[in-house]
Amino acid sequence: MASARGTKLGLVGAFASADELVAATRSVRAAGFRRFDAFSPYPVHGIDEAMGTRPTVLPWLVLGAGVAGLAGALALQLWTNGVDYPFVTSGKPAWGLPAYVPVAFEVVILAGAVTAFVGMLALNGLPRWANPVLGAKAVQAASSTGFAVAIEAADPAFDEARARAVLAGAGASGVEAFHAPPRAPFPRPLVYGAWIALALALVPPALIVAKRAGVSRLPRVHLVRDMDRQPKRGAQAESPFFDDGRAARLPVAGTVAVGELRADAGFETGRADGDWLSRPPLEIDRALLDRGRERYAIHCAVCHGADGRGRGPVAIRAEALREPAWVPPSDLQSEHARGLADGELYDVVRNGVRNMAGYGDQLAARDRWAVVAYLRALQRSQNATSEDLPPGVTPFSR
Amino acid sequence: MRTEAIRFAPERTIAGDLGRPARAAAMAAAAGAVGVLLTAFLAEDGLRRAQFAWLIAALFVLTLGLGALFFVLLQHLVRSGWSVAVRRVAEKVALTIPAAGLLLVPVVLPTLLGHGGLFPWAAADAAHESELIAHKRPWLNGPFFALRIALYIGAWSWLARWFAARSREQDLSGDPQATLAMQRRSAPAMVLYGVTVAFASFDLVMSLTPEWFSTIFGVYVFAGSVLGFLGLCVPLVLLLERRGRLRDVVTVEHYHDLGRLLFAFVFFWGYIAFSQYLLIWYANVPEETVWFQPRQRGGWAPVSLTLVFGHFLLPFAGLLSRRVKRRRGLLAAWGAALVALHYVDLLWLVGPAFRAAGPAFGLPEVAALAGAGGVFAHALLRASEHSPLVPIRDPRLGESLALRQT
């Protein structure tokens, strides 16, 4: 060791008892030294006063972190729940302060504890590989039976001869110097370990990127299976609980579900007292016509065509394939179609006619009437004369 | 090794003849009792008001004694060294429990006789009015109630006396086995204490509103009781130190530790109080919120806020600093304030059952407080007479005298 010694960093004096240690630190301090430390196997009362150690600033840091945590947690909750996205939970007010307290409390504890821990390390200059003073024999002895005082060479008042004299004068049984450790290369295993850890740390993000960028045909990974098995009976399932053996229950006889009352026969069937209704039994406005156009485009236009002339894509395709059983869809712009009563058109939509299936299951009564109303508008648009133009508009001529 | 230990003079810790202050306390008790009796006969709704005022005052002194008993049990349970120098004070305060138990006689007797002024369930027709009360009949009935209160008081008195007597014997014998015996008994004693305090709080306070329930209620009353005792302990120890009985025995280090406990129980009380409030507020179930409803309205709202700030937030901030805990006078002032707020806490717990519109605090309450406080002070002084105020031959006394905070 002696051959590899670095710079001299200070002097260490060995002492025999705690009282001597306290007295020695007192005289070292009285001699004007400020950068020195005392070493003892157990806490020695009075050593702080003797060394002139000032109270640590750590409690203030912890207090500050706690107050900041409190303010931050309350502000976060007030802002997110009460201002930015007010969300009613259990009928509580958006600024439900009692509900915010537990989170704020936990954040205060977290901020305070982390600050206390990290602040303690930082104020003590930790972590570090080793303290050179630990190389001194007297300091090593202070972990079992001895006591020691170390004066650092970095102290502005440091003068080796004087420091030696002060330590000896305080009753040191021996005074030794301690040195900076020889410069050693950074330990190779640590370097390799760090590289391996870094490489491994890249694996999870790489997997995430691969999964997000690629396509998988496998079913989704299903971690939480709580909802898979539920104590309920599926649709059409059997149940031995009921006499009729079905799990699904029918409504009680004579009851009508909310919104399902069909009291107006004309509105439902398009026929009143044996005659077809001539007009839809509801008010026709722009919204109804828009609804009718939308329903017509979904359900009717595939065969009858967007213009109603029976040249929809299905019809064109069927003709191209020369389907033998194909019956061409009716031309809705024909004299016959235009002459039908509204109620009769409604009945066709609802129950179908010839080869056309009824759309009563797909379209609610109001939607069927909307289709009829739109069809009337479509027919008028395809068979318009110049008299149909609004006043003041001149017909466009080729 | 310690200079303090050398200066310790056991004979100086012995309290002398306390007959005069004890007589003064007895007179205060008598005057208070007369005041309460006058209230009962003269004031409007006087009987009920006198009963409630008396119940609050009796609970106040009883809970101070219970807090002291907890302190004694706790120190033995954890083999505490620092607290030996102040433990005798707690032992003496705990010895007031039998007297405080006698104060409950005017509370228990009318209830036993079927008078429902305090406890609505005690009235003969209460069960017919409410199904819930009828359901609780097997527990809430006069004879069983009286029996339970007697059992609680008996158990606490027995614990207080047993521990005080062993400690007092040790003053003479110096036998370290006594310390070990108390330590062994402290754990089962703590279990007995916890159960009895919880159920006593259910019986004496919660059943004032018999349809309401809160499982944390016992912990709440316990937290307030211990805080009340610690608040009382600091000025008491300071008084004894100033009078010379504890001079060179207690040092600023003991105040520091008492201050820490005070601080801890300020927060514990607030934590428990808020826990009770939060769950009831969040669940918002009518049969639970009914208890907080009157306390948030009218005259009780300022009392609730007084508790939130005075019993919790202000002392929390005030006792946070190490410097405050090491300043005897300031710490004693905080302690005294917390004792006063412990009374406000009990007023807040009990009072709305008397009048939901707002607190009733006036001459009847002061008279009841003087009466119960006089009994308490008399019992405390009589228990302390001619006795060392420090366990002079406790094996851990040296450790306590040498206490230093690192």
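Modeller: In this predicted model, helices are DSSP runs of at least four residues and strands are DSSP runs of at least two, numbered from the N terminus.

Colleague: How many helices and strands are there in chain A?

Modeller: Helices and strands are both taken from DSSP runs. On that basis, chain A holds 14 helices and 8 strands.

Colleague: Why is chain A described as more spread out than a compact globule?

Modeller: Along its principal axes, the C-alpha trace of chain A spans about 130 × 65 × 50 Å. Of its 398 residues, 18% count as buried. Chain A is more spread out than a compact globule because the globule rule gives 21 Å for 398 residues, whereas its radius of gyration is well over that, at 46 Å.

Colleague: What is the strand order of the open sheet of 4 strands in chain A, and which are its edge strands?

Modeller: The pairing in this open sheet is antiparallel, and the strand order is 2-3-1-4. An edge strand pairs on one side only, and in chain A this applies to strand 2 (36–39) and strand 4 (174–179).

Colleague: Which residue of strand 3 of chain A stands opposite Gly13(A)?

Modeller: Strand 1 (residues 8–15) and strand 3 (residues 147–152) of chain A are antiparallel partners over 6 bridges. The residue of strand 3 that stands opposite Gly13(A) is Val149(A).

Colleague: Which strands of chain A does helix 1 touch, and at what angle does it run to strand 3?

Modeller: Helix 1 (residues 18–30) of chain A packs on the sheet. Its contacts are with strand 1, strand 2 and strand 3 of chain A, and its direction makes an angle with strand 3 of about 15 degrees.

Colleague: Across which strands of chain A does helix 6 lie?

Modeller: Helix 6 (residues 160–169) of chain A runs at about 15 degrees to strand 1 of chain A. The strands across which helix 6 lies are strand 1, strand 3 and strand 4 of chain A.

Colleague: How many residues does the contact take from chain A and from chain B?

Modeller: On the side of chain B that touches chain A, there are 5 nonpolar, 2 polar and 1 charged residues. The contact takes 7 residues from chain A and 8 residues from chain B.

Conventions: Residues numbered from 1 in each chain as written. Chains lettered and ligands numbered in written order. Predicted model: local features only at pLDDT ≥ 70, side-chain atom pairs only at ≥ 80, totals over all residues. Pairing = 2+ DSSP bridges. Contact = placed C-beta atoms within 7 Å. Axes fitted to C-alpha atoms, helices over the stretch in contact; angles between N-to-C directions. Rg over C-alpha atoms; globule rule 2.2 N^0.38 Å. Buried ≥ 20, exposed ≤ 12 C-beta atoms within 10 Å, placed from the backbone. Nonpolar A, V, L, I, M, F, W, Y, C, P; charged D, E, K, R; others polar.
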